[in-house]
Amino acid sequence: MPVSANVVTHDADPLKFLICDRRVPALAGTRPTIAAVLEEMGHCVSMSADDVSDFNSFDVILLWNNPGYFPRTRKWLLSIPKERRPIVAVIMGEPLPAPTASGLPRWSGLNLAEIAKILLRDWRATDIYTNAYNLRRTMNEGLADALFVTGGEQEEYAAEQGLDAHRIDYGYHESFGNLIGLDRDVDVLFLGETRQRRRRRLLARLRRDGIDVTVRGSWHKRDGALWGDARTRFLNRTKIVVHIQRYPGKIAAKRLVLAMANGAMVISEPSYRPDPFVEGEHFVSSPIEKMPEVIRYYLNHTEERERITRAGHRLVTQDLTWSKIMEQIVDVTYGKRASLRRTRAAAL
């Protein structure tokens, strides 16, 4: 259910958050956006890559993305009675299997590295099936007091699995960029990781069909075009960002937020439940075989392209902000803490 349905009013003291987050190599030494937003709200934030020895000094432990990334934290949580733990929340931003209602086929395109991580029980495994297993285990063990999932598709999947989840949508933060008025001299850009065979194949197909796609970005090296001010400048030079998915039919909302915040139009493969993004209003959807024609159309029809980019920019910078999302998450957390305090008081 949407988090807004569970918002509680409160006049409470700041919370002490521990955010458990495994930074990818390209982000080593940086802090996640949610940490900055919580600090802007007046809360205290510490970070852990599964290496904190004293968890008892925190009010809330946030497990960011796949809870399987934090085996030491899980071991500690299981070692003490639930009523003595801090509030634990999972914010699941990693992809999960598609819900049955989507009609999407089971994904069978795991690469060798993903299969090896599964077989070796490597905590770094982040394919959709490992993500789902770790999430179900965490919830079934009672380790998490609250689960937040991103988007309508994940909300449906969680409901199918019998998981009580609050829906949030991936948000915008000022660090993601804004309009800075540069000439848009890059026609088509794919921004993201291209180690996946499917993405390489489809990008090659676009190039064979005459589309000059610029490809930038990696989770594994500090490519300037993917991070910080350099990314903002590059996206402000871009007319169209193509959204080619890691898993067919799924949406990677961060790519859409980044593009729209910086005034680039998104042309995406068809997605199940892309809401709150509306096809034809905030972005355009096209199957890969028709995408070259659609790209050429919008490159040649500037007014139509800019109408869509203006609507997308308004959506992400005004409605889908991390500040609003974290206010909702904090409200739920306060409610969970009040309930825990009542339980503890009744046990005395």
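The largest nonpolar core takes in 48 residues, and L62, F277 and W322 have the most contacts inside it. By nonpolar core I mean a set of buried Ala, Val, Leu, Ile, Met, Phe, Trp, Tyr and Cys residues joined through side-chain atoms within 4.5 Å; buried means under 20% relative accessible area, exposed over 50%, and partly exposed in between, with a 1.4 Å probe and protein chains only. Helix α11 (residues 322-347) gives the most to this core, with 8 residues. Helices (H or I, at least four residues) and strands (E, at least two) are DSSP runs, numbered from the N terminus.

Before going on, keep in mind that this is a predicted model: local features need pLDDT of at least 70, side-chain atom pairs count only at pLDDT 80 or more, and totals for chains, interfaces and linings use all residues. Residues are numbered from 1 along each chain as its sequence is written, and side-chain values use heavy atoms, with hydrogens and water left out.

Back to L62. Not counting residues up to four places away in sequence, L62 touches F17, L18, I19, C20, I34, L38, A89 and I91, where contact means heavy atoms within 4.5 Å.

Now for the empty space. Rolling a probe the size of a water molecule over the atoms shows where empty space is left. On a 1 Å grid over the protein atoms alone, a cavity is a set of points where a 1.4 Å probe fits but cannot get out, while a pocket is an open set with protein on both sides within 12 Å along at least five of seven lines; lining residues have an atom within 4 Å of a point. Grid points are joined across faces, edges and corners, and a volume is the space filled by probe spheres set on the points.

How many cavities of 30 Å³ or more does a search of the whole structure find? The search turns up 1. The largest cavity has a volume of about 40 Å³, and its lining is made of L63, P67, F70, T73, R74, L77, T138 and L143. Helix α2 (residues 71-79) gives the most to that lining, with 3 residues. By class, the lining of the largest cavity has 5 nonpolar, 2 polar and 1 charged residues; here Ala, Val, Leu, Ile, Met, Phe, Trp, Tyr, Cys and Pro count as nonpolar, Asp, Glu, Lys and Arg as charged, and the others, Gly among them, as polar.

The elements that give two or more residues to the lining are α2, α3 (112-119) and α4 (128-140), with the largest share, 5 residues, coming from α4. The lining of the second largest pocket divides into 8 nonpolar, 3 polar and 5 charged residues.

On to the open sheet of 5 strands, which has the order β8-β7-β9-β10-β11 and parallel pairing. Because β8 (213-216) and β11 (284-285) stand at the edges, each with a single partner strand, one side of each is left without a neighbour in the sheet. Two strands pair if DSSP finds at least two bridges between them, and 2 bridges join β10 (residues 265-268) to β11. I267 stands opposite V284 in β11. The loop between β10 and β11 holds P276, and a cis peptide bond with omega of about 20° joins D275 and P276.

Some of these strands also cover a helix. The buried residues of α7 (residues 228-236) are R231, T232, F234, L235 and N236, and what covers them includes β7 (186-191), β8, β9 and α8.

Between β9 (238-243) and α8 (253-261) runs a loop that contains Q245. Is Q245 buried or exposed? At 2% relative accessibility, Q245 counts as buried. Leaving aside neighbours within four places in sequence, Q245 is in contact with R198, R199, K250, S268, E269, P270 and S271.

D50, in the loop between β2 (44-48) and β3 (60-64), has a phi near 80°, a positive value in a residue other than glycine. N65, in the loop between β3 and α2, has a positive phi of about 75° although it is not a glycine. D50 is buried at 5% relative accessible area, and N65 is buried at 14%.
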